[in-house]
Amino acid sequence: MLEEFVREHRYKTGPELEKMYGNSASLLLTRMTSMLRVTYEIGFAVAIQLEAILVFMNASAGTQFVAEFVEVGGIELVLDCLQQPALTDSDRLSALRLLTVVSNLARSYRELFCAQEGVSCVLKGLQFCKSNDTLNASRVLVLSVMAANSQHLEPTLMQLTEHLYLPNP
């Protein structure tokens with residue numbers, strides 16, 4: 001069902017999603033986020049759930065969806081997902097893509113990401129990564145978070161430097 005949702009709505013705008021779901025698209029996003037919150041620890045279809053949420057985040061003229069996602073603790077939820085050892089690389093890649101989209105939308109989201117120890121969570125999640133795509137997505141996310149975020153630039157650089165000196169598992 002989620003795969004069909006993603007396939008059908010991947011390129012819809014915010015208003016199109018609202019119209020299609022009778023002005024209840026926000027409710028659908030909240031329900032999807034809640035479902036992820038309940039199921040991510042057991043690794044149940046995490047990638048497709050994240051991709052479904054990403055449909056809302058990518059919707060042009062759908063900034064209210066991003067605000068609602070952040071408001072219900074979406075950033076913290078996805079950061080928790082990244083730290084789960086049971087997740088596959090495709091799950092991690094979807095999580096990193098989602099966080100990158102949110103990070104690219106506003107400086108306030110980048111600051112919130114940093115305030116929630118997001119860079120540290122991403123770096124901890126790297127120990128479970130096996131694919132170059134996931135490592136590259138991590139790099140893109142960290143660079144996105146650092147862009148125009150002078151308040152958190154130095155602590156982020158220090159975390160990256162410390163990570164470089166950790167022994168390779």
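Colleague: Where does A45 lie, relative to helices α3 and α4?
Modeller: A45 lies in the loop between α3 and α4, where helices are DSSP runs of H or I with at least four residues, strands are runs of E with at least two, and the numbering starts at the N terminus. This is a predicted model, in which local features need pLDDT of at least 70 and side-chain atom pairs count only at pLDDT 80 or more, while totals for chains, interfaces and linings use all residues. Residues are numbered from 1 along each chain as its sequence is written, and side-chain values use heavy atoms, with hydrogens and water left out.

Colleague: Why does A45 count as partly exposed?
Modeller: Buried means under 20% relative accessible area, exposed means over 50%, and partly exposed is in between, with a 1.4 Å probe and protein chains only. A45 has 34% relative accessibility, so A45 counts as partly exposed.

Colleague: What is the value of phi in A45?
Modeller: Phi of A45 is near 45 degrees, which is a positive value in a residue other than glycine. Most residues other than glycine have a negative phi. N23 also has a positive phi, of about 60 degrees, although N23 is not a glycine.

Colleague: Where is N23 placed, and is N23 buried or exposed?
Modeller: N23 is in the loop between α2 (14–20) and α3. Its relative accessible area is 64%, and therefore N23 is exposed.

Colleague: Why are α1 and α4 called roughly parallel?
Modeller: The axes of α1 (residues 2–9) and α4 (residues 46–58) come within 9 Å and cross at roughly 30 degrees; such axes are lines fitted to C-alpha atoms, for helices over the stretch in contact, and the angles run from 0 to 180 degrees between N-to-C directions. Angles under 35 degrees count as roughly parallel, over 145 as roughly antiparallel, 65 to 115 as roughly perpendicular, and the rest as oblique. α1 and α4 are therefore roughly parallel to each other.

Colleague: Which residues of α1 and α4 meet?
Modeller: L2, E3, F5, V6 and H9 in α1 meet I48, Q49, E51, A52, V55 and F56 in α4, contact being heavy atoms within 4.5 Å. The residues of this contact divide into 7 nonpolar, 2 polar and 2 charged, where Ala, Val, Leu, Ile, Met, Phe, Trp, Tyr, Cys and Pro count as nonpolar, Asp, Glu, Lys and Arg as charged, and the others, Gly among them, as polar.

Colleague: Why are α3 and α4 called roughly antiparallel?
Modeller: The axes of α3 (residues 25–39) and α4 come within 10 Å and cross at roughly 155 degrees, so α3 and α4 are roughly antiparallel to each other. The contact is made by A25, L28, L29, M32, T33, M35, L36 and T39 of α3 together with V46, Q49, L50, A52, I53, F56 and M57 of α4. By class, the contact of α3 with α4 has 12 nonpolar, 3 polar and no charged residues.

Colleague: Which residues touch the most other members of the largest nonpolar core?
Modeller: Of the 49 residues in that core, F56, M57 and F113 touch the most other members, and α4 gives the most to this core, with 8 residues. A nonpolar core is a set of buried Ala, Val, Leu, Ile, Met, Phe, Trp, Tyr and Cys residues joined through side-chain atoms within 4.5 Å. M57 touches L29, F65, V66, F69, L98, V101, V102 and L105, not counting residues up to four places away in sequence.

Colleague: Why does L82 count as buried?
Modeller: L82, which lies in helix α6, has 4% relative accessibility and therefore counts as buried. Not counting residues up to four places away in sequence, L82 touches L87, R92, A95, L96, L99, V122, G125 and F128. L82 and L126 are 44 residues apart in sequence and 8.7 Å apart in space, C-alpha to C-alpha.

Colleague: Where is Q84 found, and what does Q84 touch?
Modeller: Q84 is found in the loop between α6 (74–82) and α7 (89–105). Q84 touches Y40, E41, R92 and F128, again not counting residues up to four places away in sequence.
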